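Welcome! Take a moment to look over the protein shown here, and then we can walk through it together.

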Amino acid sequence: NDIIAFLGSRGCVIAGHQLYQALDGPVIGIQYNPARNRLLLWTKNAIGVIDLSLDENDAKPGERVPGIKWVFDKGRDIRQCFWAYGASHVLFRDGNNISILEPVPQGPAHVEYVTAVRENTSVLYAESKGMLYYLGKDDGKLYALDIIPRAEIGLSAFMDKKDTAKGNR
């Protein structure tokens with residue numbers, strides 16, 4: 001499956017033969033996950049997912065296929081997003097805060113705060129290592145935070161480690 005996605009200068013996304021336009025503002029960024037054939041996209045206030053494995057025969061009448069499923073719409077200044085846990089969760093930066101969300105099929109996504117980062121800086125999430133790299137909010141030092149312990153699987157493992165993460169920086 002040769003998927004090519006483009007982010008247009010006016011904030012639209014073109015993936016395959018479809019054009020996607022966010023309703024609440026221009027798309028700021030996109031990230032593709034080839035294992036699940038999903039495209040993550042975000043605006044200043046919302047995070048959406050496009051399932052590129054759907055085809056036109058899977059559509060409900062009147063639905064644009066494959067369509068954007070908005071998994072989070074309560075952001076204030078979303079700047080970066082990353083697939084996590086093999087594209088089952090999304091790690092995102094909203095303003096100077098990093099959070100992780102678990103999309104829920106019915107209802108709002110489950111969102112947990114992770115840490116604060118230095119203003120006007122970027123963060124890096126390395127999925128292969130499960131590590132988030134960022135500059136500390138107050139001291140500007142480089143930190144590496146273990147988001148996904150290699151030996152553990154699931155969000156509950158993340159939640160247990162979150163409280164001790166500050167001591168492990």
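This is a predicted model: local features need pLDDT of at least 70, side-chain atom pairs count only at pLDDT 80 or more; totals for chains, interfaces and linings use all residues.

## Strands, a helix and contacts

What will you find as you trace the chain? The protein has 14 strands and 1 helix. Among the contacts between residues at least 6 apart in sequence, 37% join residues that are at least 24 apart.

## Aromatic pairs

How many aromatic pairs does the protein hold? The count comes to 3. One of them brings together Phe72 and Phe92: the ring centres are 5.0 Å apart and the planes stand at 45°, so this pair is tilted. Because Phe72 belongs to strand E7 (residues 68-72) and Phe92 to strand E9 (residues 89-94), the pair ties together parts that are 20 residues apart in sequence. Are these two residues buried or exposed? Both Phe72 and Phe92 are buried.

Tyr134 and Tyr143 also form an aromatic pair, and this one is stacked. Its rings are 5.6 Å apart centre to centre, with 20° between the planes. Why does Tyr134 count as buried? Its relative accessibility is 1%, and buried means under 20%. Tyr143, at 16% relative accessibility, counts as buried too.

Technical notes
Residues are numbered from 1 along each chain as its sequence is written. Side-chain values use heavy atoms; hydrogens and water are left out. Helices (H or I, at least four residues) and strands (E, at least two) are DSSP runs, numbered from the N terminus. Contact means heavy atoms within 4.5 Å. Rings of Phe, Tyr and Trp (its six-membered ring) pair if their centres lie within 6.5 Å; planes under 30 degrees apart count as stacked, over 60 as edge-to-face and the rest as tilted. Buried means under 20% relative accessible area, exposed over 50%, partly exposed in between (1.4 Å probe, protein chains only).
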